[in-house]
Every structure is written in C-alpha cells, then in structure tokens.
There are 2 protein chains.
Amino acid sequence: MAAEWRPVRQSRTHELVLERIEEQVVAGELKAGDRLPPERELAPVLGVSRSALREALRVLETIGVLVAHAGRGPDAGARIVRNPDDALGRLLRLHVALGSYNLHDVLEARVVLERSSFEAAATHASAEDLAEAEETLRRMQEPDVTVPEFNDLDTSFHVQIARSSGNQLTSTLTSAVRESVRPLILQALEAAEDWPATAAALNAEHTALLTLVREGDGPAAADLAEQHIRGFHGTLVPDTPPSPADENPSPAGAPSSPAGD
Amino acid sequence: MAAEWRPVRQSRTHELVLERIEEQVVAGELKAGDRLPPERELAPVLGVSRSALREALRVLETIGVLVAHAGRGPDAGARIVRNPDDALGRLLRLHVALGSYNLHDVLEARVVLERSSFEAAATHASAEDLAEAEETLRRMQEPDVTVPEFNDLDTSFHVQIARSSGNQLTSTLTSAVRESVRPLILQALEAAEDWPATAAALNAEHTALLTLVREGDGPAAADLAEQHIRGFHGTLVPDTPPSPADENPSPAGAPSSPAGD
C-alpha cells in the first residue's frame, strides 16, 4: 500500500549514534573524563555522516554528558563529563511551560522534595552553607530589591538548602522543579497587591526556616517548608486538582490570588 | 595575546537557537501542538545555517519537546509535543552510569519519591491500575521467568504504582530514578546466590505492597515500600555513605551482597 511508503526519517541516524554511545556509557566503557575520538575519525567508524554524528554529540552536550572542543582546536575529541543540573532544569522548565505537568502536580512534587531537602539540611548543612543562605536572605531584605531580584534570590535560597542536604540527586531534582516555576512565581510576585507586605511575610518565613535548619530541627523545618510552599505556590493552583490528562491550566495565565514563596 | 585567539565555538549557534525557541515556549508563544516553520524557512529567519538549526531541533526532540517530520515530507515543520518521560529517563540513566550521582543518593531519592508514590497510589489507584499491577506480579511468579524478565517486570511494577499515584511529575521522576538503576539491579539479581529464594522473597514483598495499596492504607504502604527499597537497593550501597564529591562508587562494579527489590 502506498501509505506504507514514507520518507526515511532523517532523525534515525543520530538516534542510533546516541544509543551506541549510551550503551558504552551504561556498560562503563566510556567514563567521565574520557575523550571521544575526533569527529572525522569517529564518523567513519560508526558509518555515519559527520552531520549525523554532530547532531548526536550536541544532544549529549545538552544533557550534560559531553563537553565539545574544550580549549582545543575544532577537531579535538569531545570529553565525557557529569553536569546534569542545567539539562534537568531546562527539561523540566520547558515541560512545565508546555503544560506537560500541571501546577498541582508540581506543587505536590515540590512539597515531597523540599520536605526531604529541609529535613536533611538540618542535619547536613555546613557552617558555610548556613552563612551563604543567610547572606541570600539578607539581600532579599534590602529596601531597594526589585521583584525579579527578589524572585531570583528566593529561588537561590531554596536551591542552596537543597544543595546543603548532602544528596546530589534530590538536590538536582529540587532545584530543577523550583526553577521550573520561576517564571510563574515571578508573575505572582509582580501581581501582588501589597508588595511590601508580601515581601515581609516571605522574609519572615524564610528566616524562620533557616533558624530551624540551623538548630538542627529537621522535622519542624520540613513541616514549615511544606506550609511555606503550600502558602504561596498553592495560590497558583486551582482548588480542585485538575485531571492529569490534557486539561492542564495554562502556565502562561496570571495566577488569581498571589501571595509569596 | 595569542592565547586569547581561539576558534569560534561551533556549538554557540545551536545553543542560541535553542535559547530562542525556549524563550518562546516559556513565554507561552509556542504551545503543544504548534508547528515550527519548515527548516528552510526558519533558518534564514533566525540567521543561522540549516545544520545549526537542525542540531537545535534534534536536542529538542531528544528532550521530548518536538517531533520532527511526523508523517510528512522531510520539509514539514516539526511539531511541539509534551513527552518528557523518555528524555528524563535517559538523562538520569546516563548520569547514574557516569557516577554523577552516587548510589547512596539514588537510594535516598528513591525512598522519598516511592514513599510518596505508594502513599498516593493507595488513594488514587483505579481498579484498572490495580489489575495491571496484579498481572505484572503474576508474571513475575511464573516458574520459567528469566532474571532479565524478572527485572523488567520489577521495574514495571514500581513504574505502574508511580503512574497510578495521579501525579504525573512525581510519577516521571520516580520512573526515571527506578529506570536509572535497572542495569545495577539486574547485576545484583544475576549475582544472587539462591535465585529462587531471592525471587520468592521479592514476590512476597510486592504482593504485600499491592495489598496495602488496594486496601487504601497509604501510610503502611509507604513504610513497607521504604523497607522494601532499603532491603534490596540498600545492598548495592556501601555502609558508609561516600562523600558527594568525586568518590562515587563505580556503577559498573558488582554489588557485594545482593538480595532483592
């Protein structure tokens, strides 16, 4: 039948290259720090065009597995690295923006991950971690801080706590999920009716959170973190959780009742 | 100084294209279902070569944001989609294999995510979800099931529970983290000294877990899930958690004392 004759999908070749390299990584044959052969050598070995190879290498760069041409000529082999955070952040940010996940689900995921981060931070945070987080909160309290700066610092505080939990994976996931709602939270902050009051309330909650972490009271820090996240992020979410199908609320829509986070 | 003259990084162009498209997605101007203009039109609009554009499009395909050429000629515009699961799974699988995350961190992340999945599944799982999970467990108990089949079914069971939690994001994260340790768990299962006893113990735990989910006892299901994960996955992890820096245990190394999960 004619319907069975379709153009060969050009994407196939780079996908095969990707799978080949992935197999070697999972088998432990390619390790962090290893260099791939230069493109002009690797392409004929794999039996693919240099452009198909390059497409696969770009994908691996973007997911934080490869650095190309680092400090060398354009034909130097790319190096295997371990840098997942930016990739995971981009992936979740794009998918939250597209509505792949609705805001209710993102809220519940934040609660689960940040409860765990705050609880672990109360045990594991170093004096340096605490000083860094305190400095972030101090800057949020400066009178001339703009709303976008406040939002960036707010994100930083949550990411710093996650990093000080001692668990790289939950830290990455927490940061990526928090980053994914940064544009939405900025909209909500900008829509706040009484910005000074909103900022003051958020600053008081952050200060109380950091105090509990410093005192090593993990369970109380986890409970307050949940209350803090539900208090602000919760206002972005309609009361009735939407069905998980395609009825996600538009992430570009303005939230109805902004407060703070 | 001569050292300041280095080749222009070819990766820059595709990265700029990526950022441009990402901006439009985050601003809500590109939505799921939208089509990008064909490459031959979009490349001159962006002022980049078609190969740089194609590299960016490949990256977006791989992170589940774009489907190229779906059922059309090679110049049809790619379509924006929301298909993050495979991308997240690949990302975490590669990074666990590279040791970006050590096994102790992955274990703790699984405990946090799967506690939440089992607890929510006890409330949200439909009769269909329960029947599907029961069928998976039934197949794991067949006498001629091979170790790789058992491992695939084991992964499926945990993924099915995550999906039935009603939260797409924690479901995606749970699945990706469970998938990321699939090769390691396979090694551990294959190294089991008494495979029938190991399989029987795991089957009994899975059955008890599903019973608690069916009875709607979320807290008990969460506790048993934690015990189940620590019982098997825990044997992959050295007693002393390694420092989060570069001392990750080799993920390709055989675990010392395998049991079941």
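Student: Is the crossing of helix 5 of chain B and helix 7 of chain B left-handed or right-handed?

Tutor: This is a predicted model, so keep that in mind throughout. The crossing of these two helices of chain B is left-handed.

Student: Which residues meet between helix 5 and helix 7 of chain B?

Tutor: Helix 5 of chain B brings Arg110(B), Glu114(B), Ser117(B), Phe118(B) and Ala121(B). Helix 7 of chain B brings Phe157(B), His158(B), Ile161(B) and Ala162(B). Sorted by type, the residues of this contact are five nonpolar, two polar and two charged.

Student: Now chain A. Why is helix 7 of chain A called roughly antiparallel to helix 8 of chain A?

Tutor: Helix 7 (residues 147-163) and helix 8 (residues 168-180) of chain A pack at about 165 degrees, with axes 8 Å apart. The cut-off for roughly antiparallel is over 145. The angle passes it, therefore helix 7 of chain A is roughly antiparallel to helix 8 of chain A. Their crossing is right-handed.

Student: What makes the contact of helix 7 with helix 8 of chain A?

Tutor: From helix 7 of chain A come Asn151(A), Asp154(A), Thr155(A), His158(A), Val159(A), Ala162(A) and Arg163(A). From helix 8 of chain A come Ser171(A), Thr174(A), Ser175(A), Arg178(A) and Glu179(A). They divide into two nonpolar, six polar and four charged.

Student: What makes helix 6 of chain B roughly antiparallel to helix 10 of chain B?

Tutor: Same test. Helix 6 (residues 127-140) and helix 10 (residues 195-215) of chain B cross at roughly 170 degrees, and their axes come within 10 Å. The angle is over 145, so helix 6 of chain B counts as roughly antiparallel to helix 10 of chain B. Helix 6 of chain B passes helix 10 of chain B in a left-handed crossing. Among the residues that meet are Leu130(B) and Leu137(B) in helix 6 of chain B, and Leu210(B) and Val213(B) in helix 10 of chain B. The contact divides into six nonpolar, three polar and two charged residues.

Student: Why does His95(B) count as buried?

Tutor: Buried means under 20% relative accessible area. His95(B) has 0% relative accessibility, so His95(B) is buried.

Student: Where is His95(B) found, and which residues does His95(B) touch?

Tutor: His95(B) is found in helix 4 (residues 84-98) of chain B. Leaving out residues up to four places away in sequence, His95(B) touches Ser100(B) and Tyr101(B), among others. Its contacts also include residues of chain A, among them Ile63(A), Gly64(A) and Arg82(A).

Student: Why is helix 4 of chain B called mostly covered?

Tutor: Count the buried residues: twelve of 15 in helix 4 of chain B. They include Pro84(B), Leu88(B), Leu92(B) and His95(B). After this helix comes Gly99(B), with a positive phi near 80 degrees.

Student: What about helix 3 of chain A: how many of its residues are buried?

Tutor: Eleven of 13, so by the under-20% cut-off helix 3 of chain A is mostly covered. Among them are Ala52(A), Leu53(A) and Val59(A). Helix 3 (residues 50-62) of chain A reaches 18 Å, close to the 18 Å expected. Gly64(A) follows helix 3 of chain A, and its phi is positive, near 75 degrees.

Student: How do you know that His228(B) is buried?

Tutor: The relative accessible area of His228(B) is 1%. That is under 20%, so His228(B) is buried. Its place is in helix 11 (residues 218-232) of chain B.

Terms used. Residues numbered from 1 in each chain as written. Chains lettered and ligands numbered in written order. Predicted model: local features only at pLDDT ≥ 70, side-chain atom pairs only at ≥ 80, totals over all residues. Heavy atoms only, no water. Helix = DSSP H or I, 4+ residues; strand = E, 2+ residues; numbered from the N terminus. Expected span 1.5 Å × (residues − 1). Buried < 20%, exposed > 50% of the residue type's maximum accessible area, 1.4 Å probe, protein only. Axes fitted to C-alpha atoms, helices over the stretch in contact; angles between N-to-C directions. Parallel < 35°, antiparallel > 145°, perpendicular 65-115°, else oblique. Left-handed = near helix turned anticlockwise from the far one by under 90°. Contact = heavy atoms within 4.5 Å. Nonpolar A, V, L, I, M, F, W, Y, C, P; charged D, E, K, R; others polar.
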